[in-house]
Amino acid sequence: MHLPLPAPLRPAASPSPPLRASRAPLLPTACRGSGGRRPRRKPPTSPSIAGAEAEQPDALARILRTEAAVSGVSRKAAATRQQSTRLWPRAVLEALDAAVASCRWESALEIFELLRKQQWYEPRSQTYARLLMMLGKCRQPGPATALFKAMLSERLRPTADVYTALVGAYGYSGLLEEALATVDQMKGAVDCKPDEYTFSVLIDCCGKSRRFDLIPAVLDEMSYLGLECNSVIHNAIIDGYGKAGMLKEMESALSTMLESGNNVPDIYTMNSIIWAYGNKGRTDEMEKWYSEFELMGVEPDTKTFNIMIKAYGKAGMYDKMMSVLKYMKKRFFSPTAVTFNIIIECFGRAGNIEKMEYYFRLMKIQGVKPNPITYCSLVNGYSKAGLLDKIPGIIRQTENTDVVLDTPFFNCVISAYARTGDIKIMEEMLQLMKDKKCKPDKVTYATMIQAYTAQGMDEEARLLEMETERFDRLPGPVSEIDSK
């Protein structure tokens, strides 16, 4: 069945190689039981609750419990580093699992340090592998190196998954020399030879760093070791070329995949291809490739439709954007937070505040939980429309939810006030940011420095520049990993 419209545009990024160890549970089976406690009774559900909201109470309760657990155990980790050695295993392990899943790396490492002090703690390589993967996603190579050394200090032998996670931690941070050195270490380790998964991560890192010149040598190394190029590796190469806007090379990589005979395009291939053309605004090619993949038997998923919605919104083709949303419902695909965020962002960028607010209300009515990106899009929309008086209301809304505001959100707010020259409120937002335990970054300071300079406040700008310099002195990873 074909989509009754032209074509898609900007998609959600095609996923990186599957994280093989990332879903290994941090919580041991023995600690997951209820310990003989009687299960709680669920309160009766009121029949007056709207259907869309009634379907989600359990999921919402889980979200609230896990986020409360992370913040609670994090506070305990910060406040009682010396004394807490006999905490309840389930509370600590579930909080760690939730922090890792949400990529809150600082909280995760604090909880992990607390975990290591417990009397019942037993080192597990799976835990280290998942923590390293999280640090790779967050581009934190320094903490990844320290974590790897901590693992060695506990006399744990690194597994292939641990080494591969370390490769990703370096590679996704742009430190490809360290990533390649780690692969070389794997070759000399016992029972830790690099496999297809290791090389898929390495090639994906090369693509994301735009170091396509390294890929042929990596493929030759695979061939020398007797490893075949699977669909994950082909997809990593295709996605890398697509993200770099190298469309001819991307099509050539797709032809190589098809000619291999052993690997067929899948949904990841489809999303990478249509994203690449959509990002370039070449909607005709996007439509053509959407139809081509459909003929190959590749079925679109929610991410595909999100890509299409973003593409049409970016091109100002709002009728088609809405047609895709209707088509999703017809195919029984439920809009996600990403779907609504894209629509809200598109209407906000176009200055259509009425539509932006309508889809924000619809999002909540349908039981889809707004996240910091949602509120950031709203702030940008109001800022573009010159409605700064509505921004405080957005901040108040977040205080009545369990949404944890992040640095990009505050950067949006600070930027909004900086553009209008409202220095006092800009400084108040910076203080609120710090009060919320949210760390300013280079973007925060660069925005404020520009605002100070535009207002002739050179002394304030100079002081902020001095504070910014500390970001350039953050510790990085060592090139040699102690394998002793």
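These questions and answers concern a predicted model of a protein.

Reader: What share of the residues counts as buried?
Author: Buried here means under 20% relative accessible area. The protein has 484 residues, and the share of them that counts as buried is 46%.

Reader: What part of the accessible surface belongs to carbon and sulfur atoms?
Author: The accessible surface of the protein is about 24,700 Å² in total. Of that surface, the part belonging to carbon and sulfur atoms is 52%.

Reader: Among contacts with a separation of 6 or more, what share comes from residues 24 or more positions apart?
Author: The contacts in question are those in the protein with a separation of 6 or more. Residues 24 or more positions apart supply a share of 69%.

Reader: Is Thr374 buried or exposed?
Author: Thr374 sits in helix 20, which covers residues 372–384. Its relative accessibility is 0%. The cut-off for buried is under 20%, so Thr374 counts as buried.

Reader: Which side chain makes a polar contact with the side chain of Thr374?
Author: Leaving aside neighbours within four places in sequence, Thr374 touches Asn341, Ile344, Phe360 and Met363. The polar contact between side chains has a distance of 2.5 Å, and the partner of Thr374 is Asn341.

Reader: Where does Glu285 lie, and is it buried, exposed or partly exposed?
Author: Glu285 belongs to helix 15, residues 283–295. Its side chain is joined to that of Arg282 by a polar contact of 3.1 Å. In space, Glu285 is 8.1 Å from Ile274, C-alpha to C-alpha, and the two are eleven residues apart in sequence. The relative accessible area of Glu285 is 24%, so the residue is partly exposed.

Reader: How do helix 15 and helix 16 run relative to each other, roughly parallel or roughly antiparallel?
Author: The axes of helix 15 and helix 16 (residues 302–314) come within 12 Å and cross at roughly 165°. Angles over 145 degrees count as roughly antiparallel. Helix 15 is therefore, relative to helix 16, roughly antiparallel.

Reader: What is the hand of the crossing of helix 15 and helix 16, and which residues make the contact?
Author: Helix 15 passes helix 16 in a crossing that is left-handed. From helix 16, the contact is made by Thr304, Phe305, Met308, Ala311 and Tyr312; from helix 15, by Met286, Glu287 and Tyr290.

How values were computed
Residues are numbered from 1 along each chain as its sequence is written. This is a predicted model: local features need pLDDT of at least 70, side-chain atom pairs count only at pLDDT 80 or more; totals for chains, interfaces and linings use all residues. Side-chain values use heavy atoms; hydrogens and water are left out. Buried means under 20% relative accessible area, exposed over 50%, partly exposed in between (1.4 Å probe, protein chains only). Contact means heavy atoms within 4.5 Å. Accessible areas come from the Shrake-Rupley method with a 1.4 Å probe; for residues, only the protein chains shown count as cover. Helices (H or I, at least four residues) and strands (E, at least two) are DSSP runs, numbered from the N terminus. A polar contact is a pair of N or O atoms within 3.5 Å; within protein, one must be able to donate a hydrogen and the other to accept it, and residues adjacent in sequence count only if both atoms are side-chain atoms. Axes are lines fitted to C-alpha atoms, for helices over the stretch in contact, and angles run from 0 to 180 degrees between N-to-C directions. Angles under 35 degrees count as roughly parallel, over 145 as roughly antiparallel, 65 to 115 as roughly perpendicular and the rest as oblique. A crossing is left-handed if the near helix is turned anticlockwise from the far one by less than a right angle, and right-handed if clockwise.
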